[in-house]
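Subject: Structure handover

Hello,

Here is the structure for you to work with. My notes on what was found in it follow below.

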Amino acid sequence: MSHKLKIAGWISVGALAGALTTVSLQTVARGSLAPLPLEELQQLAAVFSMVKTDYVEPVDEKKLITDAISGMVASLDPHSQYFDKKSFKEFREGTSGRFVGVGIEISQEDGLVKVVSPIEGSPAYRAGLKTGDLITKIDDTAVKGLTLSEAVKRMRGEPNTRVMLTIYRKDENRTFPVTITREEIKTQSVKGKVVEPGYGWIRLSQFQERTVEDFVRKVEEIYKNDPNVRGLVLDLRNDPGGLLDAAVAISAAFLPEGVPVVSTNGQLPESKFVYKASPEFYQRRAGADPLKRLPPQIKNVPLVVLVNEGSASASEIVAGALQDHKRATVLGSQTFGKGSVQTVRPLGPDTGLKLTTARYYTPSGKSIQAKGIVPDVLVDESEEGNVFSVLRTREADLDKHLGSGQGAEVKDPAREAAREAARKRAEDEAKNGKSASRTPPEFGSDKDFQLVQALNQLKGRPVLVSKTQVVENKEEKKEN
């Protein structure tokens, strides 16, 4: 393992669109290069020269080259990417769980930015922002019309700079400005609580550098509040992934030491590897293993893992490992299906290349790529069903996605029919003004339908299983 850690500094996994992707950072250069196709390279040089001399107006040479690199890499699959200076910085912030901003978790509502939760101790928290506040303006820019990522970029910036947010607070029916000084924020990727006597809920929103330590601290807190825990719910819904070593560690928290968690396979010798539930496979730094602080009951406590279409990559590794070892009941909807590994190699001090180098497999040898984890118990997102979740994009829907490597993909016409019906319903509700009132309940609340069903599963009570969910690639799953 030590040799592999010298070659691959870290590996992470995740989904798409604002989420992390499966990545390992190379710290040692490749020993040799494959023979270069000279004729094709001469054509590339000729095109570069023609564009430079013949184009209608002067072009930036460096931009031409970086665009050529970006196009070459983007043609491979949805997760390979060239990082320029800005995107490389954002990528590093995402995996570290640190960024400069105001410190709020947000979503969109009626075209505005909604505060889901201010991060404890952040500038937004100290300024008095509350859950449910709506941000209508960022400085002088109206939020209406901005995408969520555009709004995030406007709120982030350099340390000690100021941003003015205009807030509409519904319950007080008033609008007011708040000026906040940006600072480095450490995101909280772990939440948890005793939801009722004897039962705990732990939610992971992402797998970051601090996730394992935060997870251990949250489990300690739950057992301190209720030493007689009879069941736990591990909530991985909408968790897009993150660091692989964190996923291996979270799996190891519940599994016997030394059992396989996930394996990877690709062209490179170092990509052929099995990660096990042991410290040498998830600890990147010297020191005490934080999992040793966990109460011993954690290894045997009845466990339900909640997943949905937004659970990807690292989430799928954990769910797949716990499912294969029959350590937990997986409940919810079929997951995203991102089972590929990307390697990040620096190309300079502040640019890099993220390249798909392997697929990953559950302990039983199943590839999740373009398939996902099929829950043991299919449960809808609400009592009235999975109304619009079928419209969410999954790995198999992405252009140029990799196959599983375990037989041809089998598209289910029933899912396409369900998607068409959901599209029509969404259009009808939008016309009738009903869509604005349809907001999902907060995860972990008493109105969280899937959490209620997870608790019923732990208690041995009847679970309201889905009667409508369509599982993708059913035939391929049977063959494998």
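The count of salt bridges comes to 21, a salt bridge being a side-chain nitrogen of Lys or Arg within 4 Å of a carboxyl oxygen of Asp or Glu. This is a predicted model, in which local features need pLDDT of at least 70 and side-chain atom pairs count only at pLDDT 80 or more, while totals for chains, interfaces and linings use all residues. Residues are numbered from 1 along each chain as its sequence is written, and side-chain values use heavy atoms, with hydrogens and water left out.

Salt bridges

Arg210, Glu213, Asp214, Arg217, Glu220 and Arg293 are linked in a network of salt bridges. Within it, Glu213 and Arg217 meet at 3.6 Å, N to O. Both lie in helix α7, four residues apart, about one turn of the helix; helices (H or I, at least four residues) and strands (E, at least two) are DSSP runs, numbered from the N terminus. Glu213 has 29% relative accessibility and counts as partly exposed, and Arg217 is partly exposed at 41%. The cut-offs are under 20% relative accessible area for buried and over 50% for exposed, with partly exposed in between (1.4 Å probe, protein chains only).

Glu220 forms a salt bridge with Arg293, with the closest N and O atoms 3.3 Å apart. This pair links distant parts of the chain: Glu220 is in helix α7 and Arg293 in the loop between β17 (273-276) and β18 (303-307), 73 residues apart.

Elsewhere, Lys63 pairs with Asp67 in a salt bridge at 2.8 Å between the closest N and O atoms. The two are four residues apart in helix α3 (residues 61-74), so about one helical turn separates them.

Lys338 is a buried residue with no salt bridge; Glu395, the nearest side chain of opposite charge, is 6.1 Å away. For charge, Lys and Arg count as positive and Asp and Glu as negative; His and the chain ends are not counted. Lys338 lies in the loop between β19 (329-332) and β20 (340-346), and its side chain reaches the backbone oxygen of Ser340 at 2.8 Å.

Nonpolar cores

The largest nonpolar core has 53 residues, of which Phe215, Leu234, Phe254 and Val305 touch the most other members. Helix α8 (residues 244-254) gives the most to this core, with nine residues. Apart from it lies another core, of 17 residues, among them Val115, Ile138, Val163 and Ile180. A nonpolar core here is a set of buried Ala, Val, Leu, Ile, Met, Phe, Trp, Tyr and Cys residues joined through side-chain atoms within 4.5 Å.

Helix α9 (residues 314-324) has 10 of its 11 residues buried, so the rest of the structure largely encloses it. The buried ones include Glu316 and Gln323. Lys326, which follows α9, has a positive phi, near 55°.

Aromatic pairs

A search of the whole structure finds four aromatic pairs. Rings of Phe, Tyr and Trp (its six-membered ring) pair if their centres lie within 6.5 Å; planes under 30 degrees apart count as stacked, over 60 as edge-to-face and the rest as tilted. Phe215 and Phe254 are edge-to-face, at 6.0 Å centre to centre and 70° between the planes. Phe215 lies in helix α7 (residues 211-225) and Phe254 in helix α8, so the pair ties together parts 39 residues apart in sequence. Both residues are buried.

Phe273 and Phe281 have ring centres 6.0 Å apart and planes at 40°, so this pair is tilted. Ring pairs link Phe273, Tyr275 and Phe281 into a cluster.

Regards

Terms used
A polar contact is a pair of N or O atoms within 3.5 Å; within protein, one must be able to donate a hydrogen and the other to accept it, and residues adjacent in sequence count only if both atoms are side-chain atoms.
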